[in-house]
Amino acid sequence: MTLTQLRYFIAIVDAGLNITQAAEKVHATQPGISKQLKALEDELGFLLFQRKGRSLESLTEAGTVVLAHARRAVAEAGNIRAFAANQRGEAVGTLQLATTHTQARFVLPAAIAALNRQYPRVGVQLQSLADNEVLPQLARGEADIAIVSSVGTVPAGGHAIPLYRWRRLVLVPKAHPLAGLGRAPTLAELAAHPLVSYHSTSHPESSLRRAFSEAGLAPKVAMTAHDADLIKTYVRAGLGVGILAEMAVSAVADADLVALPAPPVLPECTAWAVVPKERVLRRYAFDLLRQIAPQLDRHDLQRVLAGHQEAAWPTPPGWAELSQAITN
């Protein structure tokens, strides 16, 4: 049994049992990955997958157990390599990040550019995903760090490190009836207009929907999107009032629109970095986290992630304060 065979097995599962897609993901050929799967099953003495003809139908009961062990084995091998590279002081490798469009588009560019200047031989693989896809990507071992936002709750799936706090803004064209308010609109004023916001707004547990519901109001959601740039495009087209993260609004790029504070009843959000427990990060990963959140102490990060210290993170700054620090 080899780690390569285990990686191929995991890749097949994560590709939805599609061997062609799994082969592309691990940079192997379809015959090669099929041959290694057969060799693994022959050595184990049982099938990992139920088959229908030449197609894989599902994991067997034994295959499900082996999968859990395989994920741990591959993860631990990665930890050993990361530890050894840190001991050697190597500054070469690839950092895999899973996050949302807003973080990828408006928060991470400056931090990743700074990382590239410091570590020119380190590549960053950035995966921009829907909100509900980020943590599952991390759980499958397909990212080193996930960056997500939440209201009140601490994300599950590993060590959650608070990076910064942010609020929502209301965005309208200059000719819109709300444009001249000069203050945050009330929920009742927003309820009188169609809204354009993030796709998460369509979920019943959305903090935006909860706020309207608690006020006895029903929002008229005209459109949702994962992409903040699309939200702004449709605000410009007159489809509705935009409600989006303050990080996504620029005084320069969006000068043709009017940005207003969101109603105070809409709760503040926190952006978090989530790192799998028992994961050994490369040193450049710690430096990226500190590029995003300078208030973090690198040694505290290392000790907490290694299990040598209880987490006692500093209060994360607001976005306005943080953005000045990471762009100057």
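Select Thr-60 first. Thr-60 sits in the loop between strand E2 (55-59) and helix H4 (61-88). This is a predicted model. Is Thr-60 buried or exposed? Thr-60 is buried, at 10% relative accessible area. The cut-off for buried is under 20%. Now show what surrounds Thr-60. Leaving aside neighbours within four places in sequence, Thr-60 is in contact with Leu-47, Leu-48, Phe-49 and Gln-50.

**Zoom out**

Show the whole chain as a cartoon. The protein chain has 12 helices and 12 strands. Along its principal axes, the C-alpha trace spans about 70 × 50 × 35 Å. Of the 328 residues, 45% count as buried. Among contacts with a separation of 6 or more, 73% are between residues 24 or more positions apart.

Switch to a surface. The protein chain exposes about 16,200 Å². Carbon and sulfur atoms supply 53% of that area. Colour by charge next. There are 32 positive and 28 negative side chains. How far apart do the centres of the two sets lie? They lie 3 Å apart.

**Helices H1 and H3**

Return to the cartoon and select residues 3-14 and 30-44. These are helix H1 and helix H3. Two packed helices are described by the angle between their axes and the distance between the axes. Here the axes come within 9 Å and cross at roughly 110°. H1 is therefore roughly perpendicular to H3, since angles of 65 to 115 degrees count as such.

Show the side chains at the crossing. H1 makes the contact with Gln-5, Leu-6, Tyr-8, Phe-9 and Ile-12. From H3 come Gly-32, Ile-33, Gln-36, Leu-37, Ala-39, Leu-40 and Glu-43.

Most residues other than glycine have a negative phi. The next two selections have positive values.

Select Leu-17. Leu-17 is in the loop between H1 and helix H2 (19-25). Phi of Leu-17 is near 70°. At 18% relative accessibility, Leu-17 counts as buried.

Move on to His-27. His-27 lies in the loop between H2 and H3. Phi of His-27 is about 60°, and His-27 is not a glycine. Which side of the cut-offs does His-27 fall on, buried or exposed? His-27 is exposed, with a relative accessible area of 76%.

**Strand E7**

Select residues 168-173, which form strand E7, and pick out Leu-171 within the strand. Leu-171 is buried, at 1% relative accessibility. Now list the residues that Leu-171 touches, not counting those up to four places away in sequence. They are Lys-232, Val-235, Val-241, Gly-242, Leu-244, Val-249, Leu-257, Val-258 and Ala-259.

Leu-171 and Arg-303 are 132 residues apart along the chain, and their C-alpha atoms are separated by 42 Å.

**Helix H10**

For the last stop, select residues 283-292, helix H10. How many residues of H10 are buried? The count is 7 of 10, so H10 is largely enclosed by the rest of the structure. Highlight the buried residues in a separate colour. They are Tyr-284, Ala-285, Phe-286, Asp-287, Leu-288, Leu-289 and Ile-292.

Methods: Residues are numbered from 1 along each chain as its sequence is written. This is a predicted model: local features need pLDDT of at least 70, side-chain atom pairs count only at pLDDT 80 or more; totals for chains, interfaces and linings use all residues. Side-chain values use heavy atoms; hydrogens and water are left out. Helices (H or I, at least four residues) and strands (E, at least two) are DSSP runs, numbered from the N terminus. Buried means under 20% relative accessible area, exposed over 50%, partly exposed in between (1.4 Å probe, protein chains only). Contact means heavy atoms within 4.5 Å. Accessible areas come from the Shrake-Rupley method with a 1.4 Å probe; for residues, only the protein chains shown count as cover. Lys and Arg count as positive and Asp and Glu as negative; His and the chain ends are not counted. The place of a charge is taken as NZ of Lys, CZ of Arg, CG of Asp or CD of Glu. Axes are lines fitted to C-alpha atoms, for helices over the stretch in contact, and angles run from 0 to 180 degrees between N-to-C directions. Angles under 35 degrees count as roughly parallel, over 145 as roughly antiparallel, 65 to 115 as roughly perpendicular and the rest as oblique.
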